[in-house]
Amino acid sequence: MAEVKDVLDKIGFGYGLLGEHPMRARAYTNGARIIKKLGKGVRAAYYDGELGKIRGIGKGLLGTIGAVLEGRPVPQLAELEERIPAGLFETRRIRGIGPSKIRALWHELGLTTVAEIEYACNENRLVDLKGFGPKTQETVLASIAAMREGREGLRQDQAQEGARAALQRLEAEGIRAALVGDVRRGTEIATSVDLLVLGDEAVQDRAGKLLAGEGTVPVTVTGCADPSLFAVHTLLATGTSGHIEALAARAGERGGSLDAEGLFLDSGMGPHLVDCEDEDAVYAALGLHPTPPARREPGVPLVGVGVARPRLLRREDLRGALHNHTTDSDGIHGLEEMRAAATAAGLEYLGISEHSRTAAYAGGLPVDRLLDQVQRIAAMNDARGDDAVLLTGVESDILRDGGLDYPDEILAALQVVVASVHTRYSADPDAMTARMCAVARNPFTAVVGHPTGRLLLGRPASPYDVEAFLDACAEGGCAVELNANPQRLDLDEVHCAMAKERGVLVSISPDAHSAQALSHLDHGVVIARRAGLGPDDVLNCMPLGQLEAWLDGRPRP
DNA sequence: GCCGTTTTCGGCCCGACTGTTTTCAGTCG
């Protein structure tokens, strides 16, 4: 099914391309942005009637959204598709040029696909157009190249959603299947959803055909015909190969083997097949604690029974969540709704950190509005009953020199200052390292938000010295964020592990711009587990009292 | 198309940056 936000975005772009209804175009584009912030909850929000209450979603957009959700045709889109060559819609993914410039390419040069635009750049044909020049042509070319590189792959949220749908479909047909591969291990990007089905080739074929037309997510089906080997095959197909090799080596040490034939061990009378009902039984037979899928990576040691195993983070260890937005800046739900959602999610506290005054595009708060919110939060906490406690704060832009966006006396009035870069990502690496180290050493910084600024499949991480930055965090006593928005997952698992090594706490934050988006925390937990983090490594595993003590105990001028 | 009325029209996030200009349009966040 077409995604709501893509349809709205397409319509907005289409109107922009025709240049006929600029404000109507803006309304659709804005709608797409709202849906994106909502995350997965569009369908529920639509049927609950919540969607229509959101500012920016009116009767027209609601009708369009309903049509998409129910699989009905969308007249506006149909009309645009009639008037605009299909390939042009794809060109909206080229960064650096927007509807106006693409319109010029279409009308002046007759270009209607990404490939044609790329070709024209190589022939140097863009430079002479009015409003274009050598720099623009270069930008376009670089952007198209980046699109090519980044397009391949599924984000964790897309992959999980696709896996859920596929498994449901097979179950409805009475086919037993298990999720295996990268998606099961929780990698930030996967190439396909890998499923193992139980059955002979006929069953596998049927499963493959059932899923071929489903959704947009590529699914790879493999089969196992022998029910008694299903657990071993699940293990093998989950990987990684490095992990499996380590297990096979262990079986070898015991006179046996582990491969598609099953687990064989020698108890004195030659190797015999071990009956394994599930994966845990395989590990147990090898004298091991089971390794969770997230940790089945090369280099992660196996843990023998009798040896204490590291306690990996679980979702229920999270006591709260810092870094969230409301309608006061660019969120789509108010303080009350966000608090209710946090309470429902079992959180003890919720940190509110709106954009700061420099981030005008995101409704960043000037001092008076920020202080007003602080007062409203205090009043809400006074009369909160069993609700989650709200923490005051801000997501301060990190200025060019590494400074924060408010005077000290304002920052001092806040509980949680999250500091994030939102502009000038591509400054040179040395300057960026200095900027990030400066903010890490700033006594007002509690958490550095999405430290590398990457967008998965979209924008590369800022190239700077992250290790030097983490050293500065350790020195300054601040925490680093694992931004759990599946488009970011920033810091990544490698850097999270580096933070742990240095004793730098990790704050797993949903960066929620809607109530639904608190569920991003799940993605953060997966990455934290892959990084080997336990509850002691995560700032928001602290109960409220301890967190407050940590915040208060940090040196401030 | 959305919104909020000073309610049926007339505004629409807004400032920085970039590359193109010669005073600004387009794009981005």
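Which backbone oxygen does the side chain of Thr238 reach, and at what distance? The points below start there. The model is predicted.

1. **Thr238.** The side chain of Thr238 reaches the backbone oxygen of Thr234, and the distance is 2.7 Å. Thr238 belongs to helix 13, which covers residues 230–238. With a relative accessibility of 1%, Thr238 counts as buried. When neighbours within four places in sequence are set aside, Thr238 is in contact with Leu179, Val180, Gly181, Arg184, Arg185, Glu279 and Arg296.

2. **Cis peptide bonds.** Most peptide bonds are trans. The bond from Gly239 to Thr240 is cis, with omega near -5°. Thr240 is in the loop between helix 13 and helix 14, the latter made of residues 241–253. The bond from Asp490 to Leu491 is also cis, with omega near 5°. Leu491 is in the loop between strand 16 (479–483) and helix 21 (493–501).

3. **Positive phi.** Most residues other than glycine have a negative phi. His323 is not a glycine, yet its phi is positive, at about 65°. His323 sits in the loop between strand 9 and helix 16 (335–344). Its relative accessible area is 1%, so His323 is buried. Asp511, again not a glycine, has a positive phi of about 50°. Asp511 sits in the loop between strand 17 (506–509) and helix 22 (521–530). Asp511 counts as buried too, at 6% relative accessibility.

4. What is the order of the strands in the open sheet of three? The order is 9-10-12, and the pairing is parallel. Strand 9 (320–321) and strand 12 (389–391) are the edge strands, each of them pairing on one side only. Strand 9 and strand 10 (residues 349–351) run parallel and are joined by two bridges. One residue pair can be located here: Ala321 has Leu350, in strand 10, as its bridge partner.

5. **Strand 14 and its partners.** Strand 14 spans residues 416–420 and runs parallel to strand 13 (residues 393–397), with five bridges joining the two. In this pairing Ser396 stands opposite Ala419 of strand 14. Strand 14 is also joined to strand 15 (residues 447–448), by two bridges, and these strands run parallel as well. Here Val418 has Val447, in strand 15, as its bridge partner.

6. **Burial of strand 14.** Are the faces of strand 14 covered or uncovered? In a regular strand the side chains alternate between the two faces of the sheet. Val416, Val418 and Ser420 are on one side of strand 14, Val417 and Ala419 are on the other, and all are buried.

7. **Cysteines.** How many disulfides does a search of the whole structure find? The search finds zero. A disulfide would need two cysteine sulfur atoms within 2.5 Å. For Cys437 the closest cysteine sulfur is in Cys473, at 7.9 Å, which is too far for a bond. For Cys473 the closest cysteine sulfur is in Cys478, at 3.7 Å, and this is again too far for a bond. Cys437 is buried, with a relative accessible area of 8%, and Cys473 counts as buried at 1%.

8. **Residues around DNA strand B.** There are 32 residues around DNA strand B, and those that come nearest are Arg33, Arg95, Gly98, Gly133 and Arg424. Of the atoms of DNA strand B that come within 4 Å of the protein, 72% belong to sugar and phosphate. By type, the residues of this surface divide into 11 nonpolar, 10 polar and 11 charged.

9. **Polar contacts with DNA strand B.** A polar side-chain atom of Arg26 is 2.6 Å from a phosphate oxygen of DNA strand B. Lys135 has a polar backbone atom at 3.5 Å from a phosphate oxygen of that DNA strand. For His422, a polar backbone atom is 3.1 Å from a sugar or linking oxygen of DNA strand B. The elements that give two or more residues to the surface near DNA strand B are helix 2 (22–38), helix 4 (59–69), helix 7 (99–109) and helix 9 (134–150). Helix 2 gives the largest share, six residues.

Conventions
Residues are numbered from 1 along each chain as its sequence is written. Chains are lettered from A and ligands numbered from 1 in the order in which they are written. This is a predicted model: local features need pLDDT of at least 70, side-chain atom pairs count only at pLDDT 80 or more; totals for chains, interfaces and linings use all residues. Side-chain values use heavy atoms; hydrogens and water are left out. Buried means under 20% relative accessible area, exposed over 50%, partly exposed in between (1.4 Å probe, protein chains only). Helices (H or I, at least four residues) and strands (E, at least two) are DSSP runs, numbered from the N terminus. Two strands pair if DSSP finds at least two bridges between them. A residue is near a molecule or strand if one of its heavy atoms lies within 4 Å of it. A polar contact is a pair of N or O atoms within 3.5 Å; within protein, one must be able to donate a hydrogen and the other to accept it, and residues adjacent in sequence count only if both atoms are side-chain atoms. Ala, Val, Leu, Ile, Met, Phe, Trp, Tyr, Cys and Pro count as nonpolar, Asp, Glu, Lys and Arg as charged, and the others, Gly among them, as polar. Contact means heavy atoms within 4.5 Å.
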